[in-house]
Amino acid sequence: MFDLNGKVAIVTGGGSGIGTATSQRLRKAGAQVLIGDITDCKAKAAEWDCHYHQTDVSKPAEVAALCDEAIKRFGRLDIMVNNAAISSGHPLAEADEARSLKFWRVNVMGVQMGIKEAAARMKPGSAIVNISSITAVLGFAQWGEYGATKGAIISLSQTAAIEYASLGIRVNCICPGIFDTPMAMSEAPDMVHKNTNVFSLIGRIGRPEELAAAVHFLVSDDASYITGQTLLVDGGWSTGTSIKAIGLALSS
Ligand SMILES: NC(=O)c1ccc[n+]([C@@H]2O[C@H](COP(=O)([O-])OP(=O)(O)OC[C@H]3O[C@@H](n4cnc5c(N)ncnc54)[C@H](O)[C@@H]3O)[C@@H](O)[C@H]2O)c1
């Protein structure tokens, strides 16, 4: 089940957090994994029996070069995980043009070009997974600039699923809730844990390995009838307001 032997995968942003867990998981399932990350993680990638190609996903030529590297090194490309992103929280009243444009270049353009360049090199039976966020489907105070870019990824994934269906390429999207990674912990770790414990129905923050498991399923042939979908992996947060959250509101 979920066997990836003989397949070749690219994971962008594989040098940290969810990308690392995904790279390790796909490798263990048998895929050759090429990590494209702006941060040099060549040594770590080698430890995980993966490969590394320095890539800034906000630069289309570098995304194309990353996909070329997969073909040069392994002769094929079957799986693309567009995972790299940047984030920070700011009220919309403080929205900043330069910061917003940077978010869009990395989080949206990076995914858009990742889809385009990977699909151009893929054969029927290949799969693309794009990593969005719970902020794409729920409003979060201070996360408007970032959340807008993540909403765009759902839209891109749906259109890509339609446009590439005739080539036999499936495209899906995952919206993580809150996961224990450097990105999530960079702001206010105590607050992140406390909120997640209350709002997630599972009652705790997600582990990157739990997100990687969902990616693994969607890129495997076991998901051969699933395309154009958005999967929320959020511990049930997006379902609604839990009894714990109601209790918190009443007690404050
Ligand atoms: N951690 C969470 O709670 C959470 C929640 C929702 C969505 N997400 C999404 O999950 C994905 C992974 O997040 P994470 O928490 O593992 O983040 P992370 O910060 O731990 O890792 C992100 C990786 O992306 C790389 N990266 C950043 N900019 C890049 C660029 N321009 N080109 C190439 N690589 C670049 C970084 O070097 C890093 O290795 C992101 O798309 C993020 O938006 C995370």
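This is a short tour of a predicted model, stop by stop.

Residues are numbered from 1 along each chain as its sequence is written, and side-chain values use heavy atoms, with hydrogens and water left out. Because the model is predicted, local features need pLDDT of at least 70 and side-chain atom pairs count only at pLDDT 80 or more, while totals for chains, interfaces and linings use all residues.

**Stop 1: strand E1**

Select residues 8-12, which form strand E1. Helices (H or I, at least four residues) and strands (E, at least two) are DSSP runs, numbered from the N terminus. Is E1 largely enclosed or open? In E1, 5 of the 5 residues are buried, so the strand is largely enclosed by the rest of the structure. Buried means under 20% relative accessible area, exposed means over 50%, and partly exposed lies in between (1.4 Å probe, protein chains only). Show the side chains: Val8, Ile10 and Thr12 are on one side, Ala9 and Val11 are on the other, and all are buried.

**Stop 2**

Two strands pair if DSSP finds at least two bridges between them. Valine 8 has glutamine 32 as its bridge partner in E2.

**Stop 3: two crossovers**

Select helix H1, residues 17-28; together with E1 and E2 it makes a right-handed β-α-β unit. A crossover is right-handed if, with the strands pointing away from the viewer, the path from the first strand over the helix to the second runs clockwise.

Move on to strand E3, residues 51-54, which pairs with E2 in the parallel sense over 4 bridges. The bridge partner of isoleucine 35 in E3 is tyrosine 52. Between E2 and E3 the chain passes through helix H2 (residues 42-47), and this β-α-β crossover is right-handed.

**Stop 4: two positive phi angles**

Most residues other than glycine have a negative phi. Select aspartate 49, in the loop between H2 and E3. Its phi is near 60°, a positive value in a residue other than glycine. Aspartate 49 is partly exposed, with a relative accessible area of 44%. Then go back to phenylalanine 2, in the segment before E1. Phenylalanine 2 also is not a glycine and has a positive phi of about 60°. Its relative accessible area is 23%, so phenylalanine 2 is partly exposed.

**Stop 5: serine 133**

Select serine 133 in the loop between strand E5 (127-131) and helix H5. With a relative accessible area of 5%, serine 133 is buried. Its side chain and that of threonine 135 are joined by a polar contact of 2.7 Å. A polar contact is a pair of N or O atoms within 3.5 Å; within protein, one must be able to donate a hydrogen and the other to accept it, and residues adjacent in sequence count only if both atoms are side-chain atoms.

**Stop 6: the lining helices**

Finish with the helices that line the largest pocket: H1, H4 (97-119), H5 (144-164), H6 (182-185) and H7 (189-199) each supply at least two residues of the lining. Which helix gives the largest share of this lining? The largest share comes from H7, with 5 residues.
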